[in-house]
Amino acid sequence: MTGIRLRRWSTSDADLLREANTEAMTRFIAGPESADEVIRQHENYLRRWEEGSARMFVVLDGEDAVGGIGWWQTKWAGESAVETGWFVLPQAQGRGVAGEAVRLIIADAMRSGPPESRLYAFPSTGNRPSNALCARAGFELLGEDDFPFRGRDLRVNVWRHSLTPKSP
């Protein structure tokens, strides 16, 4: 997939979040958000990039915006960590777009993330495509856990990827 690339999230990208805010797209993450919550999320993406605590990107297929992906600093199991999350719009699913975006975000987190961190992903246990993507991308499955999200606990798989480049 040579046409897939990432572009920094910008002030004009709120519509991409609105387009992804459907019942089908959010069924594994507590359902759609209100219009105000979508705007707050968009503003959070912009603010946290400026603060240096997150890097959010638009996933481009050629010139078409087809999703979003990013990483942000967090804590997991008492240690500093980096978390990633993504979405790909339905019209771009099933073509390897998410896999290439995850490969690119791992590389970005290795270059720009906090030193000696680990990258975590927390897809719902029922989200087969995202769990399969984590396995293909080289994440290690640590097990299941309850993950607090939008005021409720989601049952997730905990995946971890080292951000230390492998020696040749």
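Biologist: How many aromatic pairs does the structure hold?

Modeller: This predicted model holds 7 aromatic pairs. Let's start with tryptophan 76 and phenylalanine 122.

Biologist: Why is the pair of tryptophan 76 and phenylalanine 122 called tilted?

Modeller: Their ring centres are 4.6 Å apart, and the planes make 55 degrees. Rings pair if their centres lie within 6.5 Å, and planes under 30 degrees apart count as stacked, over 60 as edge-to-face and the rest as tilted. So 4.6 Å makes this a pair, and 55 degrees makes the pair tilted.

Biologist: What parts of the chain does the pair link?

Modeller: Distant ones: tryptophan 76 is in strand β3, while phenylalanine 122 is in the loop between β5 and α5, 46 residues apart.

Biologist: How do you know that tryptophan 76 counts as buried?

Modeller: The cut-off for buried is under 20% relative accessible area. Tryptophan 76 has 17%, so tryptophan 76 counts as buried. Phenylalanine 122, at 11%, is buried too.

Biologist: And what makes the pair of tryptophan 76 and phenylalanine 147 tilted?

Modeller: Here the centres are 6.1 Å apart and the planes make 35 degrees.

Biologist: Which residues do ring pairs link into a cluster?

Modeller: The cluster holds Trp76, Tyr120, Phe122 and Phe147.

Biologist: Now the sheet. What is the order of its strands?

Modeller: The 7 strands of this open sheet follow the order β1-β2-β3-β4-β5-β7-β6, and their pairing is mixed.

Biologist: What makes β1 and β6 stand at the edges?

Modeller: Each has a single partner strand, so one side of each lacks a neighbour in the sheet.

Biologist: How do you know that β2 and β3 pair?

Modeller: Two strands pair if there are at least two bridges between them. β2 and β3 are joined by 8 bridges, so they pair, and they run antiparallel.

Biologist: Which strands does α4 touch as it packs on the sheet?

Modeller: α4 touches β1, β2, β3, β4, β5 and β7, and its direction makes about 45 degrees with that of β3. The buried residues of α4 include Val97, Ala101, Ile105 and Ala109.

Biologist: Where does α5 lie?

Modeller: Helix α5 lies across β4, β5 and β7, at about 15 degrees to β7.

Definitions and conventions:
Residues numbered from 1 in each chain as written. Predicted model: local features only at pLDDT ≥ 70, side-chain atom pairs only at ≥ 80, totals over all residues. Heavy atoms only, no water. Buried < 20%, exposed > 50% of the residue type's maximum accessible area, 1.4 Å probe, protein only. Helix = DSSP H or I, 4+ residues; strand = E, 2+ residues; numbered from the N terminus. Contact = heavy atoms within 4.5 Å. Axes fitted to C-alpha atoms, helices over the stretch in contact; angles between N-to-C directions. Phe/Tyr/Trp six-rings, centres within 6.5 Å; stacked < 30°, edge-to-face > 60°.
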